[in-house]
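Work through these exercises with the structure open. Try each task before you read its solution.

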Amino acid sequence: MTIWYEEAGTGEPVVLLASSAADAGMWDAQWEPLAERFRVIRLDYRGFGRTPYAADAPYSDAGDVADVLATLGVERAALVGSSYGCRIALQLGAMATRLVLMNPGSDLPKTPDVLAFGEEEDRLLELGDAQGAAELNARTWLGPEADEATRQRVTEMQRHAFTMQLAADPEPSQFEPDFSLADVKAPALIVTGPYDLEHFRQSARYLATELPDARLLELDWAGHLPALERPQEVTRLLLDYL
């Protein structure tokens, strides 16, 4: 099994961990500016982008990321996560020098808006409607600052992922590694915005209080994927923090 990844630049390693509503391409706008100052690394999880949806044994996305970093000789790195990528960052928190968690989820109870989204996504996927499910994701996760080209790009990334995942036979078995927030010692910047779903806004506030060294940043314009909604502003934010 080969996980697609790429790296650029030199210096402190910075790992970009994508949302499950996109793939590594969501970091295109940040890639070159970060590579001018850091050794930047990104990858596609299984069933996303350029990585096939396959496994001959149970796996975890965090384990795949750890394996890629071991291959590259990276023992410590700054971890930048978006949505689902935040969970992977926390699972790998012991190796983090710094964390940026953009609209993280948590184990808090799911709010009605998240439950309604999940039910509709499941309904569309059960019908085999990858395009409809992808359009639902773009509508749900992108805030009002996203332009039409960005909405189409997210739809394309998500449709491609759904198409691969629906075609998998058998479906790979994935597990969630255990982790404790108390064990995450690295400084963390947690980003949230008013146009995200309530579960993620609650989760950002929760993690800001539970992580040992965390700061909450509220972007008054942001939805769930600010790196795609105002890419230049998020690039500056990352450069300043890192």
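Buried means under 20% relative accessible area, exposed over 50%, and partly exposed in between (1.4 Å probe, protein chains only). The model is predicted: local features need pLDDT of at least 70, side-chain atom pairs count only at pLDDT 80 or more, and totals for chains, interfaces and linings use all residues. Residues are numbered from 1 along each chain as its sequence is written, and side-chain values use heavy atoms, with hydrogens and water left out.

**Exercise 1.** Find the buried residues of helix 1 and say what covers them.

*Solution.* Start with the element. Helices (H or I, at least four residues) and strands (E, at least two) are DSSP runs, numbered from the N terminus. Helix 1 spans residues 28–35, and its buried residues are Q30, W31, L34 and A35. Next, look down the axis of helix 1. The buried residues fall within an arc of 115 degrees, so they line one face of the helix. That arc is taken from the directions from the helix axis to the C-beta atoms. Last, look for contacts (heavy atoms within 4.5 Å). The cover includes strand 1 (5–8), strand 2 (13–17) and strand 3 (39–43). Helix 8 (226–229) and helix 9 (231–241) are also among the covering elements.

**Exercise 2.** Locate the salt bridge of R46 and D64, and decide whether each residue is buried or exposed.

*Solution.* Recall the criterion: a side-chain nitrogen of Lys or Arg within 4 Å of a carboxyl oxygen of Asp or Glu. R46 and D64 meet it at 2.7 Å, N to O. R46 sits in the loop between strand 3 and helix 2 (61–71), while D64 is in helix 2, 18 residues apart. Now check accessibility. R46 has 10% and counts as buried. D64 has 7% and counts as buried too.

**Exercise 3.** Where in the chain do R123 and E120 lie, and how far apart are they?

*Solution.* Both lie in helix 4 (residues 112–126), three residues apart, about one turn of the helix. An α-helix has 3.6 residues a turn, so residues three or four places apart point the same way. The side chains of R123 and E120 form a salt bridge at 2.8 Å, N to O. R123 is partly exposed at 41%. E120 is partly exposed at 28%.

**Exercise 4.** Which parts of the chain does the salt bridge of R230 and E145 tie together?

*Solution.* The two side chains meet at 3.1 Å, N to O. R230 lies in the loop between helix 8 and helix 9, and E145 in the loop between helix 5 (130–141) and helix 6 (148–167), so the pair ties together parts 85 residues apart in sequence. R230 is partly exposed at 28%, and E145 is partly exposed at 35%.
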